[in-house]
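Hi,

Here is the structure I promised to pass on. Have a look at it first, and my notes on the pocket, the ligand and the sheet follow below.

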Amino acid sequence: MRSCYRPFKKRRSNVLELEAVSYRYPGSDREALSNVSLKFTPKSSTAIVGPNGAGKSTLVRLMNGLLRPSSGRVLLCGVDTAKKSVAELARRVGVVFQNPNHQIFAGSVREEVAFALKNFGFPEDEVGCRVSSALERLGLSRYADSSPFMLSSGEKKRLTIASVIVYEPDILVFDEPTVGQDYRNKAIIGGIVSEFVSSGKCVVSMTHDIDFALNYFERVVVLSEGMVRADLGVSEFGLDGSFMHGSRLVPTEAMFLKELMRIVEFKGVYEPGALAEHIARRICG
Ligand code: ADP
């Protein structure tokens, strides 16, 4: 992968910051994350992309205090989260985990979405109204009285999204939100990202889905083997497949086309099969 580390700059105080964070799982002989420094501001959206094993889910668990760094610090509005409990962090940092089966537990879809609201002391009439609106937003109203365990995996994922957006945390962290979602539901989730950002929140999403990242986020961080390889504005990332070299991510059509034009321009016309192979090798590694 092309080495490019140009921290994305934005002039606003940081709401969440990872300061030289490393993490090694107990018993493991290598770090899942090595010296990761990232800053997130309010009213911003960041997609963190990377292949399996890159460290994305580990990053999520560090952001909400489920894991504590082996070294380095995670700061929430400048305060070291080591001083805060997971419960305290949960109100500010809402996390949608990768596997919804690890998150859902209630007897009904409605209770699942109401849980955090009740826990955080929202008034009862507001709970009902917020729950209905979150369920409608995620296309789950008709399942309100069903068991969450009866839903399909894509619906379960949307249920966990509803359970978190319903209390409007300052920082919304998604782990692979588009897995199991069709185009329409991806657009709904993308709309939620845009709406949160417009209302001043910070959204961070781990994703394999490059199109989702390009369509709904303003900044892209490429993570691989536990390290930040690139940190750029989405327009810079969107056309330049070289940032993905060796990452095993699927390039977008725009990246493919740009690479095609570059080759035709500089090296003359190739036989189509050889050209496609050459491009795939350059972008996918
Ligand atoms: P990603 O979410 O990008 O797929 P992960 O954060 O799940 O990556 O994993 C990063 C690295 O940490 C991988 O090498 C993975 O095998 C390792 N890892 C993840 N969870 C554990 C665990 N509970 N115990 C030991 N190693 C783990």
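Helix 3 gives the most to the lining of the largest pocket, four residues in total. Helices here are DSSP runs of H or I with at least four residues, strands are E runs of at least two, and both are numbered from the N terminus. Before the rest, a word on the basis: this is a predicted model, with pLDDT of at least 70 needed for local features and 80 or more for side-chain atom pairs, while totals for chains, interfaces and linings use all residues. Residues are numbered from 1 along each chain as its sequence is written, and side-chain values use heavy atoms, with hydrogens and water left out.

Back to the pocket. It counts as one by this rule: on a 1 Å grid over the protein atoms alone, an open set of points where a 1.4 Å probe fits, with protein on both sides within 12 Å along at least five of seven lines; lining residues have an atom within 4 Å of a point. Of the 20 lining residues, Ala90, Gln103, Phe115, Ala116 and Tyr167 lie nearest the centre. Besides helix 3 (109-119), two or more lining residues each come from helix 2 (86-92), strand 6 (93-96) and helix 5 (153-165). By class, the lining has 13 nonpolar, six polar and one charged residues. (Ala, Val, Leu, Ile, Met, Phe, Trp, Tyr, Cys and Pro count as nonpolar, Asp, Glu, Lys and Arg as charged, and the others, Gly among them, as polar.)

Now the ligand. Which residues are around it? They are Tyr25, Arg30, Ala32, Pro51, Asn52, Gly53, Ala54, Gly55, Lys56, Ser57 and Thr58, where near means a heavy atom within 4 Å. That shell divides into four nonpolar, five polar and two charged residues. There are polar contacts too (pairs of N or O atoms within 3.5 Å). A polar side-chain atom of Thr58 sits 2.5 Å from a ligand oxygen, a polar backbone atom of Ser57 is 2.9 Å from an oxygen of the ligand, and for Ala54 a backbone N or O atom is 3.1 Å from one.

Four strands make an open, antiparallel sheet in the order 2-1-4-5; strands pair if DSSP finds at least two bridges between them. Strand 2 (33-40) and strand 5 (79-80) are the edges, each pairing on one side only. Strand 1 (residues 16-23) and strand 4 (residues 71-76) share five bridges, with Glu17 opposite Leu75 and Leu16 opposite Leu76. Leu75 also has Asp80 in strand 5 as a bridge partner. In the hairpin of strands 4 and 5, with two residues between the strands, Cys77 takes a positive phi near 50 degrees.

Cheers

Note on methods. Polar contact = N/O pair within 3.5 Å; in protein donor to acceptor, adjacent residues only side chain to side chain.
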